[in-house]
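Look over the fold below before reading on. Then follow the text through it, one part at a time.

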Amino acid sequence: MLDKIKQLIAEITGFSACNLEEVEQFRIKHLSKKGTIALLFEDFKNVPGDQKKDIGKALNELKTAAQTKINELKEQLCETDNGTSGVDLTLPGDSLKTGTRHPLSIVRNEILSIFDKLGFTISEGPEIEDDWHVFSALNFPEEHPARDMQDTFFIEKQPDILLRTHTSSVQVRDMETHPLPIRLVTPGRVFRNEAISARAHCMFHQIEALYIDENVSFADLKQTLTYFAKELFGPDTQIRLRPSYFPFTEPSAEMDVSCSLCHGKGCNVCKGSGWLEILGCGMVDPNVLELNGIDKEKYTGFALGMGIERITMLKYGIKDLRLFFENDLRFLEQFSAVV
């Protein structure tokens with residue numbers, strides 16, 4: 001057996017390999033459970049007692065020599081090849097495909113940034129609300145059509161619990177708990193029971209702003225709206241306020257901006273009028289202040305609200321609202337250059 005061991009040591013010492021696969025085959029041949037060295041250790045029990053010391057020492061040297069040889073070959077091959085054989089290291093690497101923000105997120109962040117410059121703080125609230133925060137505290141009468149099942153998603157078996165129809169519910173919570181003065185902007189998702197079409201959806205996004213303090217006037221509202229419109233649509237943008245009605249504001253108005261595509265001359269987008277409606281606004285109704293525990297004799301305020309989808313459609317010339325929710329990469333990739 002001693003001669004066989006010496007022969008294997010010579011074979012192992014003189015072995016060379018061209019690749020890691022040959023090294024692995026060498027390891028299996030000699031160091032696996034059924035390899036040559038394992039078989040010699042099995043035969044060791046048949047060695048006469050007076051030879052066990054010398055042969056045992058030789059076996060250990062054989063095993064060490066095999067393991068050392070394998071380690072050396074692996075190190076040499078890794079240093080020589082380094083996993084780049086056949087690869088031209090001067091070629092440019094594969095470019096990584098970067099993602100992009102959703103167009104609604106882009107416009108949402110832009111709007112919030114504008115209000116941040118005006119000192120407004122972001123406030124958010126729950127999407128599942130009760131009747132008080134969505135309707136009653138905002139001066140909606142019991143017979144108001146918005147309370148109808150055809151317009152609102154009510155939670156089954158809980159007639160006072162519903163999916164919020166506007167983010168004004170967050171403003172109610174702020175008026176209940178936030179110390180005065182209040183200067184908050186509330187973005188969020190809202191739900192209305194409407195048929196899905198190119199111009200409407202049962203789910204959409206809003207941003208509303210609320211400012212309550214002493215001596216707040218309609219002039220403050222108009223100045224805020226003018227600054228907002230010019231920041232969002234460009235310095236040449238003009239605004240127009242038209243009388244309207246909302247249960248929670250008095251007086252109320254709808255705001256139009258001059259069409260940025262035709263510059264007020266009239267086109268298909270603005271339907272020839274030169275103006276585009278983007279939001280509703282008004283002075284907070286004194287009844288709303290009183291319902292929410294605010295002294296209506298001391299404080300006044302204004303509120304405004306807009307749909308992010310509508311602003312985004314106007315800003316980027318998108319004609320079908322459903323595109324925002326279909327996750328079509330052909331549509332979303334058009335915004336890859338927008339920060």
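**A walk through the model**

The largest cavity has a volume of about 50 Å³. On a 1 Å grid over the protein atoms alone, a cavity is a set of points where a 1.4 Å probe fits but cannot get out. Grid points are joined across faces, edges and corners, and a volume is the space filled by probe spheres set on the points. The structure holds 1 cavity of 30 Å³ or more. Leu138, Gln171, Met175, Leu210, Phe248, Val284, Val288 and Ala303 line the largest cavity; lining residues have an atom within 4 Å of a point. By class, 7 are nonpolar, 1 is polar and none is charged. Here Ala, Val, Leu, Ile, Met, Phe, Trp, Tyr, Cys and Pro count as nonpolar, Asp, Glu, Lys and Arg as charged, and the others, Gly among them, as polar.

This is a predicted model, where local features need pLDDT of at least 70 and side-chain atom pairs count only at pLDDT 80 or more, while totals for chains, interfaces and linings use all residues. Residues are numbered from 1 along each chain as its sequence is written, and side-chain values use heavy atoms, with hydrogens and water left out.

Now turn to the largest pocket. A pocket is an open set of points with protein on both sides within 12 Å along at least five of seven lines. The largest pocket has a volume of about 1,000 Å³. Its lining counts 39 residues, and Arg192, Phe204, Gln206, Phe246 and Gly307 lie nearest its centre. Elements that give two or more residues to this lining include helix 7 (168-177), strand 6 (203-213) and strand 10 (300-307). Helices (H or I, at least four residues) and strands (E, at least two) are DSSP runs, numbered from the N terminus. The pocket lining has 18 nonpolar, 12 polar and 9 charged residues.

Next come the sheets. Strands of a sheet pair through backbone hydrogen bonds, either parallel or antiparallel. Two strands count as paired if DSSP finds at least two bridges between them. Strand 6 and strand 10 run antiparallel, joined by 8 bridges. Ile207 has Met306 in strand 10 as its bridge partner. Strand 7 and strand 8 form a hairpin with 2 residues between them. Their antiparallel pairing spans 7 bridges, and Ser244 stands opposite Ser252 in strand 8.

Another open sheet has 3 strands in the order 2-4-3, with antiparallel pairing. Strand 2 (128-130) and strand 3 (154-155) stand at the edges, each with a single partner strand, so one side of each lacks a neighbour in the sheet. Strand 2 joins strand 4 (residues 158-163) through 3 bridges. Glu129 stands opposite Leu162 in strand 4.

Finish with a helix pair. The axes of helix 1 (residues 2-13) and helix 2 (residues 20-31) come within 13 Å and cross at roughly 170 degrees. That makes helix 1 roughly antiparallel to helix 2, a label for angles over 145 degrees. Axes are lines fitted to C-alpha atoms, for helices over the stretch in contact, and angles run from 0 to 180 degrees between N-to-C directions. Leu8, Glu11 and Ile12 in helix 1 meet Phe26, Lys29 and His30 in helix 2; contact means heavy atoms within 4.5 Å.

Note on methods
Parallel < 35°, antiparallel > 145°, perpendicular 65-115°, else oblique.
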